[in-house]
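Take a look at the model below. The walk-through starts with aromatic rings and then turns to helix packing.

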Amino acid sequence: MLPTFLTQLAAGCYLTISLSAMRQVSWRYLRLIAVVTLVLLFIAGGLFYREIGAKEWAHHWRPLIGMAVAAVAGSIWLFVNSVQADRIGGAQRLCAVTAGLAALATAIVLAHRPDDIVGVGQQDATAVRLPVATTTALGAMLLGSATAAMLLGHRYLTDTGMPIAPLRRLAMIYVGAVIARGAWVIAASVPLWTGEYRPGGDVVWFWLMISVRLGVGILVTGVFAWMAWDCVRRRATQSATALFYLSMILVFLGELAAQFLLRSENLPV
């Protein structure tokens, strides 16, 4: 579960930055994102390698290859960023897109694997392949947009001359990700409210995770997203940064609950 979550977070950061106003932000901010995402990939790779064991890696080559491709593209991005400095070009966006797609594909593959923490895997991987891919992609964008916006907000504390347009772009991406994620979760959880779905494990724990997934990961996150957008609209960057920071924690809790429900209950919310 943790390798999947970390790879999903890295993918979201890469893809969010590829959609951002890269030429209007500080090159040091892009370098920070490149370093953070590389660290996430290396931690995810280490956890996954420890999980499968040294003797079994040959049977689980696809996630390792995906992480390697993402890491190579991310390393190239870091090099290009250092060379270009303030002359940010399209090559950096290309590197971010390549690394993001590779990391996202890896996260989707990992989402279908059995999990040591939860103790089970997907009950019918073929039947839920598209929902799993969809929920993983939407979760990645929500995680990445919240994290990228929070880190960019901190840049305004030291780079006071940076225009508000880059933060406004990231805030729009984040709000859009919250809306898309919320719409998906509502649609995917319909069987719960119609009585068509019955939890397979402990009922109390199941509903606790549902409460975290919906209440914290969607409803409260949505409120904070609106507040953050309002602060950005008013150019209150410090207040927006604080809200993005709190939003990131809420999103993390919601997406971890989603990972647990997918693993334990085969529920792609």
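Rings of Phe, Tyr and Trp, the last by its six-membered ring, pair if their centres lie within 6.5 Å. In this predicted model, ring pairs link W193, F206 and W207 into a cluster.

The structure holds six aromatic pairs. One of them joins Y14 and W77. Edge-to-face would need planes over 60 degrees apart. The pair also links distant parts of the chain. Y14 belongs to helix α1 (residues 2–19), W77 to helix α3 (residues 61–84), and 63 residues separate them.

Now return to the cluster. F206 and W207 have ring centres 5.3 Å apart and planes at 80°, so this pair is edge-to-face. The surroundings of the two residues can be compared through their accessible areas. F206 is buried, at a relative accessible area of 2%. W207 is partly exposed, at 33%.

Next come the helices. Two packed helices are described by the angle between their axes and the distance between the axes. Start with helix α5 (residues 129–158) and helix α6 (residues 165–188). Their axes come within 9 Å and cross at roughly 150°. Angles over 145 degrees count as roughly antiparallel. α5 and α6 are therefore roughly antiparallel to each other. The crossing of α5 past α6 is left-handed. Their contact has 18 nonpolar residues, five polar and one charged.

Which way do α8 and α9 run relative to each other? The axes of helix α8 (residues 203–233) and helix α9 (residues 237–265) come within 8 Å and cross at roughly 155°. α8 and α9 are therefore roughly antiparallel. α8 passes α9 in a left-handed crossing. By class, the residues of this contact divide into 24 nonpolar, five polar and three charged.

With a relative accessible area of 0%, T221 is buried. What does T221 touch, leaving aside its neighbours within four places in sequence? The contacts of T221 are Y174, V178, V216, L250 and V251.

Technical notes:
Residues are numbered from 1 along each chain as its sequence is written. This is a predicted model: local features need pLDDT of at least 70, side-chain atom pairs count only at pLDDT 80 or more; totals for chains, interfaces and linings use all residues. Side-chain values use heavy atoms; hydrogens and water are left out. Axes are lines fitted to C-alpha atoms, for helices over the stretch in contact, and angles run from 0 to 180 degrees between N-to-C directions. Helices (H or I, at least four residues) and strands (E, at least two) are DSSP runs, numbered from the N terminus. Angles under 35 degrees count as roughly parallel, over 145 as roughly antiparallel, 65 to 115 as roughly perpendicular and the rest as oblique. A crossing is left-handed if the near helix is turned anticlockwise from the far one by less than a right angle, and right-handed if clockwise. Ala, Val, Leu, Ile, Met, Phe, Trp, Tyr, Cys and Pro count as nonpolar, Asp, Glu, Lys and Arg as charged, and the others, Gly among them, as polar. Buried means under 20% relative accessible area, exposed over 50%, partly exposed in between (1.4 Å probe, protein chains only). Contact means heavy atoms within 4.5 Å. Rings of Phe, Tyr and Trp (its six-membered ring) pair if their centres lie within 6.5 Å; planes under 30 degrees apart count as stacked, over 60 as edge-to-face and the rest as tilted.
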